[in-house]
Amino acid sequence: MADGADSAIDTVDVLAIAAHRDDVEQTCGGTLLRMAARGLRTGILDLTQGESGTRGSAAERAAEAEEAARILGVSHRQALDLPDGAIANTLENRLKIARVVRELRPRVVILPYWEARHPDHAICATLGYEACFVAGLSRVEVGSAAPHRPFKIVYASLYADVRPSFVVDITPFVEQRYAALMAYKSQYSNQAQGGGLFVPEEEIRERTFAEARHYGLLAGVRYGEPFVQREVGLVDDLTLIPVQSI
């Protein structure tokens, strides 16, 4: 789970790509826990180092990200060097992400939803999608790994005002999910710096569980994380579709 990409890297089944360290923990940490519990290899690619954040240094957030990755049971985590607060959809940045996609060869990539308050999040959605496309182009030379294009891209939509395409049941993992988020003490512990911008520490648990409870209720489970997919879903057997209608 190092930031370097020079040594041999094991592949993953599911890769979550996000703008900042702690974005994944907020939006799809429970899903990564569930996938890991099913025996799948998971990974996280943070695009920035967190150097522009109101709270915490890049070094502090790196250490916190390692601890959060341990709690989430991810097989690989690394951070690129895109500028925090100024991510741009450029060819250079697409190639940086494409190189990681080729190395890790995920079947599924999770991206942030494409509409967001923070510009980095919205740009990450488009940048990540285009990088996954570029990663599959055989004539584009980037790194030493063979071309690879993920089979599926889904968008974590926890903070988007949209109806999810589907919800992942994270009920057995909700406490671990919360623990991974709270590993970021520089961000979520009460402190004077950024006091008016951040949710008080004593309210974070209530808000986190309330959001998960809301999406869980939509899918007939206790706690859930929402996702959007652009494609139409395919059903093989009508009698096996989950979530009761009446």
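Residue numbers start from 1 along each chain as its sequence is written. In this predicted model, local features need pLDDT of at least 70 and side-chain atom pairs count only at pLDDT 80 or more, while totals for chains, interfaces and linings use all residues.

**Sheet**

The sheet is open and holds 7 strands, ordered β3-β2-β1-β4-β5-β7-β6, with mixed pairing. Helices (H or I, at least four residues) and strands (E, at least two) are DSSP runs, numbered from the N terminus. Two strands pair if DSSP finds at least two bridges between them. β3 (76–82) and β6 (166–169) are the edge strands; each has a single partner strand, so one side of each lacks a neighbour in the sheet. From one strand to the next, the twist averages 30°. β5 (residues 152–156) and β7 (residues 224–228) run antiparallel, paired over 2 bridges. A156 has F227 of β7 as its bridge partner.

Helix α5 (residues 119–135) packs on this sheet. α5 touches β1 (14–18), β2 (42–48), β3, β4 (108–112) and β5. Contact means heavy atoms within 4.5 Å. The direction of α5 makes about 155° with that of β4.

**Helix pair**

Helix α3 (residues 58–72) and helix α6 (residues 174–182) have axes that come within 8 Å and cross at roughly 170°. Axes are lines fitted to C-alpha atoms, for helices over the stretch in contact; angles run from 0 to 180 degrees between N-to-C directions. α3 is therefore roughly antiparallel to α6 (the term covers angles over 145 degrees). A68, I71 and L72 of α3 meet Q176, A179 and A180 of α6.

**Second largest pocket**

This pocket holds about 1000 Å³ of space. A pocket is an open set of points on a 1 Å grid over the protein atoms alone, where a 1.4 Å probe fits, with protein on both sides within 12 Å along at least five of seven lines; lining residues have an atom within 4 Å of a point. The volume is the space filled by probe spheres set on the points. The lining has 29 residues, and S165, F166, V167, V168 and P242 are the closest to the pocket centre. Two or more residues each come from α2 (29–37), β4, β5, β6 and α8 (201–219). β6 gives the largest share, 4 residues.

Residue classes for the two sites follow.

| α3 with α6 contact | 5 residues | 1 residue | no residues |

Ala, Val, Leu, Ile, Met, Phe, Trp, Tyr, Cys and Pro count as nonpolar, Asp, Glu, Lys and Arg as charged, and the others, Gly among them, as polar.

Methods: Side-chain values use heavy atoms; hydrogens and water are left out. Angles under 35 degrees count as roughly parallel, over 145 as roughly antiparallel, 65 to 115 as roughly perpendicular and the rest as oblique.
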